[in-house]
Amino acid sequence: MATQYRPSPLIAAAFPIAAVSDSSDAPKPTGLDLYARFAFAGAVCCSVTHGALTPVDVVKTRIQLEPEVYNRGMITAFRTISAKEGAGALLTGLGPTALGYALQGAFKFGGYEFWKKTAIDYLGVEKASANRQAIYLGASGIAEFFADVALCPLEATRIRLVSQPSFATGLASGFARIAREEGIRGFYSGFGPILFKQVPYTMAKFAVYEIVFEKAVAATGKPKSELTPGTLSALNLGSGLMAGFAAAIISQPADTLLSKINKTKAQPGETITGRLIKMAGQLGAKGLFTGMGARLVMVGTLTAGQFAIYSDIKRALGATAGVEIAKVATSS
């Protein structure tokens, strides 16, 4: 007999619609309503996790941009920044981080569900199940492209605030100054590296998560529908952690280049491609993986949290009508 989902008191209070979703007679959302719920769940999980890890991101960015100063590990870097600039410096860029990743999360998770469903409808469930890894990779890659269009201006603002604390007082003033002095090019100078970073990152993130979660559910010997909410949360956290580690390693070189290219303005006549090639040559293989330790902690933690929060909010909102193609029983 299937285990009926009961949201935690916190989720139930935040999303009263969960009470309706618990009723087996309640109609499941479909179409735009369903994907809006996917997008909302994605926006919340990404904004909350990235926002909570802003101090780690500040330290990681400083290590990448000033390795000659912050070269004694993540904990020492935390202490150095706090001692020199005050504890508040560790929250630099919180505004653009929370807003930027809310937008990105909506497009990423909502888009992933949409493109996955589109591929399943085109291929049919049986053929889609046989080729599910390719669908996971393709759907996540397409979704991330559109997510990055929304994220890039706010990420450029965040990096400028972190790398140049005196650049502006916050999100609004920093965004306005870049727009005034550099125009749209200033916001999208890092679009190439952000795609180079985020698309492989997201493809690895979703593909590894889906595969690890499928294996984990199969290992329980039960269909997903018969697992308790606590078990599902544990499986989501563990699968998300593994996915986060894989995604962090794959995307680290591009993350370093993104931090570097957004630190300063381009010189007259200098192309984005030329700047990237020059920076990569100067950094070398070792330099491209600067800050890897901090990023493994950050990405592993936030990815685990994202999938756990996303799944719980989806269930709370009754957004369980997605088509599953894993080779284990996964009906919600």
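Axes here are lines fitted to C-alpha atoms, for helices over the stretch in contact, and angles run from 0 to 180 degrees between N-to-C directions. Helices (H or I, at least four residues) and strands (E, at least two) are DSSP runs, numbered from the N terminus.

This is a predicted model: local features need pLDDT of at least 70, side-chain atom pairs count only at pLDDT 80 or more, and totals for chains, interfaces and linings use all residues. Residues are numbered from 1 along each chain as its sequence is written, and side-chain values use heavy atoms, with hydrogens and water left out.

**Around α9**

Which residues form the meeting of α8 and α9? From α8 come Pro153, Leu154, Ala156, Thr157, Arg160 and Leu161. From α9 come Leu171, Gly174, Phe175, Ile178 and Glu182. Contact means heavy atoms within 4.5 Å.

Gly174, Ile178 and Glu182 are buried in α9. Buried means under 20% relative accessible area, exposed over 50%, and partly exposed in between (1.4 Å probe, protein chains only). Seen down the axis of α9, the buried residues fall within an arc of 35°, so they line one face of the helix. That arc is taken from the directions from the helix axis to the C-beta atoms. An α-helix has 3.6 residues a turn, so residues three or four places apart point the same way. The cover over the buried residues of α9 includes α8 (132-163) and α10 (184-188). Ala172 and Arg180, on the other side of α9, are exposed.

Helix α9 spans residues 171-182. Glycine 183 follows α9, and its phi is positive, near 70°. Helix α6 also has a glycine just after it: glycine 124 takes a positive phi of about 90°.

The expected span is 1.5 Å times one less than the number of residues.

| Helix | Residues | Number of residues | First to last C-alpha | Expected span |
|---|---|---|---|---|
| α9 | 171-182 | 12 residues | 16 Å | 16 Å |
| α6 | 94-123 | 30 residues | 42 Å | 44 Å |

In α9 the reach is close to the expected value. The reach of α6 is also close to its expected value.

**Two further helix pairs**

Helix α3 (residues 31-52) packs on α6 at an angle of about 145°, with axes 6 Å apart. The crossing of α3 and α6 is right-handed. A crossing is left-handed if the near helix is turned anticlockwise from the far one by less than a right angle, and right-handed if clockwise. The α3 side of this contact includes Tyr35, Phe38, Gly42 and Cys45. The α6 side includes Tyr101, Gly105, Phe109 and Glu113.

Helices α11 (residues 191-220) and α12 (residues 229-261) pack at about 165°, with their axes 7 Å apart. That makes α11 roughly antiparallel to α12. Their crossing is right-handed.

Tyrosine 310 is found in helix α14. Is tyrosine 310 buried or exposed? Tyrosine 310 is buried, at a relative accessible area of 4%. Its contacts, leaving aside neighbours within four places in sequence, are Phe38, Ala41, Gly42, Cys45, Phe109 and Glu113. The C-alpha atoms of tyrosine 310 and alanine 41 are separated by 5.3 Å, although these residues are 269 residues apart along the chain.

Serine 311 lies in α14 (residues 292-316). Serine 311 is buried, with a relative accessible area of 11%. It is in contact with Tyr209 and Asn236, leaving aside neighbours within four places in sequence.

Glycine 93 sits in the loop between α5 (74-85) and α6. Its relative accessibility is 7%, and it counts as buried. Not counting residues up to four places away in sequence, glycine 93 touches Arg158 and Leu161. The C-alpha atoms of glycine 93 and proline 55, 38 residues apart along the chain, are separated by 9.3 Å.

**The chain as a whole**

The protein chain has 14 helices and 0 strands. Of its 332 residues, 49% count as buried. Among contacts between residues at least 6 apart in sequence, 80% join residues at least 24 apart.

How values were computed:
Angles under 35 degrees count as roughly parallel, over 145 as roughly antiparallel, 65 to 115 as roughly perpendicular and the rest as oblique.
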